[in-house]
Amino acid sequence: SAVDTVMSHIHALPKRAGLVPIFVNADTGKFRPGSTITLGARGDSYYEYLLKQWLQSGKTENWLRDDFVDSMDGDHLVCFLPGTLMLAVQNGLDKKYEQFAKDLLETCVQMYKRMPTGLSAELVYFNQGPSKHEDIQVRPLDAHCLLRPETVESLFILYRLTKDKKYQDYGWSIFQAIEQHAKISTGGYSSLNSVKDTKLGFRDKMESFFLGETLKYLFLLFSDVDMVPLDKFVFNTEAHLLPIRKS
């Protein structure tokens with residue numbers, strides 16, 4: 001398929017500790033020199049699909065698994081990753097990922113808890129120095145909230161795989177914050193201009209992923225555990241269900 005052709009091509013290109021730049025020259029098929037390497041915007045789906053395509057193949061296309069393992073030896077911080085790492089552990093990969101996934105998700109949850117609205121900003125910065133400032137800092141231009149799904153996706157997966165109800169509690173707090181601060185009285189929801197100052201109001205825009213992903217994962221977090229079993233389905237990066245092939 002076209003997807004297999006693209007992934008096989010990326011697989012053959014040289015990487016840095018398993019990580020890839022986010023831009024490819026369409027003429028040469030090689031990574032563009034000086035391109036950014038990130039697990040954030042524009043890069044996250046590649047790493048997520050390495051694991052999920054391996055799972056969907058019935059664990060037969062092992063080069064996808066190997067590329068995923070190589071990339072996870074790096075140092076990254078994005079909130080879709082805890083769920084992906086726990087899926088990796090559940091499917092026989094190194095158990096060292098489990099505690100990292102749990103710790104990383106706790107950090108993602110704190111990005112919500114430490115804001116006055118209980119919602120996370122689009123970007124946060126971590127204070128690594130011995131100062132009196134907050135551990136998690138938000139700059140004014142980054143304080144908006146688009147009601148993204150990555151954290152609740154990871155909460156759903158970790159709850160399903162660990163049965164620890166604290167992940168439901170975290171999700172319920174996030175849902176209540178959405179209801180309190182992002183719900184429009186005449187119907188619908190809106191992104192926020194600031195998670196630190198509710199007086200700055202709404203952005204007058206509801207992203208499609210809020211309905212298609214954020215609310216879907218919140219619903220599944222509180223659904224019966226036999227609804228969409230994770231040993232029979234994987235979710236793509238837009239939260240669409242794909243059946244796992246029988247190996």
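Biologist: Which domains does the domain assignment give, and which residues does domain 2 hold?

Modeller: This is a predicted model. The domain assignment of the protein gives two entries, the former being domain 1 (1–76). The other is domain 2, which holds residues 78–246.

Biologist: How many residues of domain 2 are in contact with domain 1?

Modeller: The C-alpha centres of domain 1 and domain 2 lie 23 Å apart. Contact, however, is judged by heavy atoms within 4.5 Å. On that basis, 21 residues of domain 1 touch domain 2, and the number on the side of domain 2 is 21.

Biologist: What share of the area buried between domain 1 and domain 2 do carbon and sulfur atoms give?

Modeller: Between domain 1 and domain 2, about 2,000 Å² is buried. In domain 1, the residues that lose the most area to domain 2 are Glu48, Lys52 and Gln56, together 30% of what that side buries. Of the whole area buried between the two domains, carbon and sulfur atoms give 64%.

Biologist: Which residue forms a salt bridge with Lys52?

Modeller: The count between domain 1 and domain 2 is one salt bridge. The closest N and O atoms of the pair are 3.5 Å apart, and a salt bridge requires such atoms within 4 Å, so the pair qualifies. The partner of Lys52 is Glu153.

Biologist: Which helix gives the most to the side of domain 1 that touches domain 2?

Modeller: Both α2 (44–56) and α3 (62–71) supply at least two residues of that side. The greatest contribution, nine residues, comes from α2.

Conventions
Residues numbered from 1 in each chain as written. Predicted model: local features only at pLDDT ≥ 70, side-chain atom pairs only at ≥ 80, totals over all residues. Heavy atoms only, no water. Domains from an automatic or database assignment. Buried area = accessible area lost by both parts, 1.4 Å probe. Salt bridge = Lys/Arg side-chain N within 4 Å of Asp/Glu carboxyl O. Helix = DSSP H or I, 4+ residues; strand = E, 2+ residues; numbered from the N terminus.
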